[in-house]
Amino acid sequence: MKDKSPLVGVIVLAIVMILLIGSFAIPPSKQRLVLATTTSTQDSGLLDAILPDFESKSDCIVDVIAVGSGQAMEIGQNGDADVLLVHSPASEKQFVKDGYGTSRTLVAYNQFVIVGPTSDPAGITQAVNATDAFIRIYQNGTEGDAVFVSRGDLSGTHTKEKSVWVKAGLNISTFSDTWYFSTGQGMGAVLDITEQQTDKGYTLSDEATFYTRRETGIIPHLEILYQGDTLLFNQYSVIPVNPDRWPNVNATLATDFVNWLTSPDTQSMIGNFTDAFGHKLFVPNAGPGSAAETHRLSSQLQAAIAIRTD
Amino acid sequence: MVDAITYDVVQVTLLSLYVSGSATILGSLIGVPLGAAVGLKEFGGKGLLKTITYTMYGFPPVISGLFIYYVFSRSGPLGDFGILFTPTAMILAQTLLVIPLVAGVTITSVSEVDKNIKNTVLSLGASDRQATFTVIKEAWVGVITAVMIGFGRAIAEVGAAYMVGGNIEGKTRVLTTSIMLETRMGHFEYAMGLGAVLLIVACGVFLFMRWLQERELL
């Protein structure tokens with residue numbers, strides 16, 4: 001660095017290079033739909049499988065932001081997404097009630113499963129229902145024979161887990177951190193932590209993430225020990241962000257998206273979707289969200305589980 | 001492995017370079033003069049300012065991301081710009097991380113330049129600005145180090161990029177956010193591979209800067 005001119009030259013060169021790289025790195029603009037969703041829809045590969053159909057039919061690009069359901073709804077509440085695909089029914093109903101979303105439409109479901117070590121020290125394979133399984137984990141946990149690893153991140157799965165503890169008549173705030181681990185991590189990481197609790201670790205998982213982790217050989221010692229209670233039903237719904245509140249949202253495209261997602265063709269695409277290991281992960285059940293949904297859906301789930309465990 | 005990465009890794013890599021490169025340039029254009037000014041001038045509160053700068057070395061990327069999120073969210077003061085979940089927002093968030101590092105290392109570098117040099121130049125009739133420029137030239141190796149550290153911080157961080165970029169395929173997915181995605185999906189091998197790509201890119205950038213330096217182009 002001997003005089004001034006090369007310095008200016010270098011700065012200009014650097015900026016030109018960066019702009020050049022940027023022109024390759026940034027795709028041309030098209031009409032865009034911002035979809036905030038839970039990680040399981042992306043990580044399972046479902047969105048990769050079905051979204052290209054919508055993108056070509058509506059000549060648009062869907063920007064997928066995959067975060068926890070809690071964060072997805074926060075993004076929607078701030079008007080930073082056009083439409084949400086989430087799985088946290090109670091918060092979703094509140095979201096629509098508060099006027100942040102226009103409507104809540106059911107899309108598909110699967111179930112949460114309780115996973116643990118093959119040796120099953122808490123004996124939850126003998127459980128009569130999900131709350132019974134949780135009570136067994138609690139009892140063995142306080143005796144030092146079991147560990148429960150919680151998401152602890154206000155995700156849809158965490159919300160479900162908390163509701164099961166409440167149904168079981170147990171108060172999480174009294175749980176000792178010697179056996180109840182609140183991790184604040186995503187499902188994959190929580191499964192990894194559970195795997196490391198040799199012959200003790202239990203957790204509640206969505207099916208998709210469990211199968212992916214299991215098949216890639218990361219969690220060889222965990223298996224599904226309890227499933228089938230309607231309480232563990234996992235409903236995914238789609239909610240357009242309210243354009244009255246956020247005029248910038250692409251309401252037309254969001255409505256198109258809801259209609260497409262619930263159309264017979266897309267629904268069968270969702271039903272036929274298998275992950276890389278051949279597991280069918282979602283059961284389509286398009287329909288309006290309503291008070292009767294739990295009752296109606298519980299019979300669907302029983303039927304689905306009966307088929308799957310055959 | 002059973003399934004392959006479906007997105008364009010080359011494009012992801014270029015975007016990483018674009019975002020972190022822009023943040024480094026922007027952060028350096030602000031941080032170097034700032035650091036030089038603080039390092040050279042004597043004023044009340046200088047010690048405090050330096051402490052704040054060094055403290056900001058520990059500024060968590062997610063907090064930088066959150067800050068940019070709140071400012072550029074539709075519900076925030078600058079929401080009308082509509083830059084949230086675009087590379088521009090990522091550049092701004094990373095710039096916030098780069099500035100204190102570049103400024104801090106520049107402060108240290110120019111402080112170590114002999115004070116007599118500045119005085120001599122001044123006595124020879126140079127303006128304050130010219131004198132400052134001379135000192136920066138004397139401290140040049142330190143300034144380049146500052147810029148390299150800044151780039152290292154930007155290309156390696158994931159919290160801010162994820163928060164304000166959203167890891168959108170083809171739009172805001174960079175190397176670090178795809179590493180996170182692959183890890184989350186249980187594809188540890190891919191994640192490691194992408195980590196190797198990141199290090200190779202960083203290596204290329206540093207070798208290029210050293211090459212420029214050796215030829216006295218920088």
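Modeller: Before we start, a definition: a residue is buried if 20 or more other C-beta atoms lie within 10 Å of its own, exposed if 12 or fewer, and partly exposed in between, with C-beta atoms placed from the backbone. This is a predicted model, where local features need pLDDT of at least 70, side-chain atom pairs count only at pLDDT 80 or more, and totals for chains, interfaces and linings use all residues. Residues are numbered from 1 along each chain as its sequence is written, and chains are lettered from A and ligands numbered from 1 in the order in which they are written.

Biologist: Is A:N110 buried or exposed?

Modeller: A:N110 counts as buried because 23 other C-beta atoms lie within 10 Å.

Biologist: Which strand is A:N110 in?

Modeller: Strand β4 of chain A, residues 105–117. Strands here are DSSP runs of E, at least two residues; helices are runs of H or I, at least four; both are numbered from the N terminus.

Biologist: What is A:N110 in contact with, leaving aside neighbours within four places in sequence?

Modeller: A:D206, A:E207, A:N234, A:L281, A:F282 and A:V283. Contact means C-beta atoms, placed from the backbone, within 7 Å.

Biologist: Switching to domains. What does the assignment give for chain A?

Modeller: Domain 1 is 31–109 + 234–308, and domain 2 is 111–231. Those bounds come from an automatic or database domain assignment. The domain centres, taken over C-alpha atoms, are 26 Å apart.

Biologist: How many residues does each domain give to the contact?

Modeller: Domain 1 of chain A gives 21 and domain 2 of chain A gives 19. The domain 1 side has six nonpolar, 13 polar and two charged residues. Ala, Val, Leu, Ile, Met, Phe, Trp, Tyr, Cys and Pro count as nonpolar, Asp, Glu, Lys and Arg as charged, and the others, Gly among them, as polar.

Biologist: And between the chains, how many residues from each?

Modeller: 34 from chain A and 33 from chain B. α1(A) gives the most to chain A's side, with nine residues. By class, that side has 19 nonpolar, nine polar and six charged residues.

Biologist: Now chain B. At what angle do α2(B) and α4(B) pack?

Modeller: About 130°, with axes 8 Å apart. So α2(B) is oblique to α4(B). Which residues touch? B:K50, B:T53 and B:Y54 of α2(B) meet B:P100, B:A103, B:G104 and B:I107 of α4(B).

Biologist: What are the cut-offs for oblique?

Modeller: Under 35 degrees is roughly parallel, over 145 roughly antiparallel, 65 to 115 roughly perpendicular, and the rest oblique. Axes are lines fitted to C-alpha atoms, for helices over the stretch in contact, with angles from 0 to 180 degrees between N-to-C directions.

Definitions and conventions:
Contact = placed C-beta atoms within 7 Å.
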